[in-house]
Amino acid sequence: MIFYPLTDKKHKEIVAEIAERRLTRGSAAPMDPSLSTAAFIVNRAQSTPTE
């Protein structure tokens with residue numbers, strides 16, 4: 001894996017680029033965070049293989 005330092009400056013640049021793309025596509029409103037895959041909860045205890 002490549003080390004990539006995400007600085008506050010770079011983060012602001014990325015957020016600005018995303019906002020610009022959303023305006024260009026006509027979808028300026030950000031998506032509901034509850035729909036993000038980061039919001040999904042995985043119960044890993046049940047997904048471990050049993051012997």
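This is a predicted model: local features need pLDDT of at least 70, side-chain atom pairs count only at pLDDT 80 or more; totals for chains, interfaces and linings use all residues.

Reader: How many helices and strands does the chain have?

Author: The chain has one helix and zero strands.

Reader: What about the surface, then: what share of the residues counts as buried?

Author: Of the 51 residues in the chain, 0% count as buried. The chain exposes about 5300 Å², and 61% of that area is supplied by carbon and sulfur atoms.

Reader: Changing topic, how many salt bridges turn up in the whole structure?

Author: A search of the whole structure finds one salt bridge. Lysine 10 forms a salt bridge with glutamate 13, and the closest N and O atoms of the two are 3.8 Å apart.

Reader: Where do those two residues, lysine 10 and glutamate 13, sit relative to each other in helix α1?

Author: They are three residues apart in helix α1, so about one helical turn separates lysine 10 from glutamate 13. As a general point, an α-helix has 3.6 residues a turn, so residues three or four places apart point the same way.

Reader: And how accessible is lysine 10, and how accessible is glutamate 13?

Author: Lysine 10 has a relative accessibility of 29%, so it counts as partly exposed. Glutamate 13, with a relative accessible area of 35%, is partly exposed as well.

Reader: Which residue's side chain reaches the backbone nitrogen of lysine 10?

Author: That is threonine 7, whose side chain reaches the backbone nitrogen of lysine 10 at 3.1 Å. Threonine 7 is found in the segment before α1, and with a relative accessible area of 42% threonine 7 is partly exposed.

Conventions: Residues are numbered from 1 along each chain as its sequence is written. Side-chain values use heavy atoms; hydrogens and water are left out. Helices (H or I, at least four residues) and strands (E, at least two) are DSSP runs, numbered from the N terminus. Buried means under 20% relative accessible area, exposed over 50%, partly exposed in between (1.4 Å probe, protein chains only). Accessible areas come from the Shrake-Rupley method with a 1.4 Å probe; for residues, only the protein chains shown count as cover. A salt bridge is a side-chain nitrogen of Lys or Arg within 4 Å of a carboxyl oxygen of Asp or Glu. A polar contact is a pair of N or O atoms within 3.5 Å; within protein, one must be able to donate a hydrogen and the other to accept it, and residues adjacent in sequence count only if both atoms are side-chain atoms.
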